[in-house]
Amino acid sequence: MTTTLETLDRAYQLMMQAFVRRGQALHYTELARDLGLTPEAGRGVLLDLMNTGVPAWLYDGTDYVASFAPFNNVPTQYRVGVEGQQRWFAQCGFEALAVCWLFPGKDVTIEAP
């Protein structure tokens, strides 16, 4: 890992903010833009972030975020709604409960079979 801890912290924060705001992960080019880096440097930051041990992973053989706890970038059976809008998915049932802390003061619903 060659990315500084400060940059990794900022990248983590940006990824979480993107999920909260739009229900999707950042692509590494978006991460690069937000960090003021080149796209290739942004890709390196993403890969370093995923290798820190955070409960997150990429789609096999790609640089696309599949999951970033507590969110899943792929639709799952754990649908999360906030204030009546459903655009989020949780990694699992346990993580669905953890989503609530990201939406303080909001009405959060979880639907799962």
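Analyst: Let us start with one residue. This is a predicted model. Glu-40 has a relative accessible area of 51%. The cut-off for exposed is over 50%, so Glu-40 counts as exposed.

User: Which side chain does Glu-40 meet in a salt bridge?

Analyst: To read a salt bridge, look for a side-chain nitrogen of Lys or Arg within 4 Å of a carboxyl oxygen of Asp or Glu. Here the side chains of Glu-40 and Arg-43 pair at 3.4 Å, N to O. Both lie in helix H3, three residues apart, about one turn of the helix. Arg-43 is partly exposed, at 25%.

User: What network of salt bridges includes Glu-40?

Analyst: Salt bridges can be read as links. Glu-40, Arg-43 and Asp-63 are linked in such a network.

User: How many salt bridges does the whole structure have?

Analyst: A search finds four. Among them is Glu-30 with Arg-22, at 2.9 Å, N to O. Arg-22 is partly exposed, with 28% relative accessibility. Another joins the side chains of Arg-33 and Asp-34 at 3.0 Å, N to O. Arg-33 is exposed at 55%, and Asp-34 is partly exposed at 31%.

User: Which residues of helix H2 are buried?

Analyst: To read packing, list the buried residues, then ask what covers them. In H2, residues 28-35, the buried ones are Tyr-28, Glu-30, Leu-31, Ala-32 and Leu-35. Their cover includes helix H1 (5-22) and helix H3 (39-50).

User: What follows H2?

Analyst: Check the backbone angle there. Gly-36 follows H2, and its phi is positive, near 75°.

How values were computed: Residues are numbered from 1 along each chain as its sequence is written. This is a predicted model: local features need pLDDT of at least 70, side-chain atom pairs count only at pLDDT 80 or more; totals for chains, interfaces and linings use all residues. Side-chain values use heavy atoms; hydrogens and water are left out. Buried means under 20% relative accessible area, exposed over 50%, partly exposed in between (1.4 Å probe, protein chains only). Helices (H or I, at least four residues) and strands (E, at least two) are DSSP runs, numbered from the N terminus. Contact means heavy atoms within 4.5 Å.
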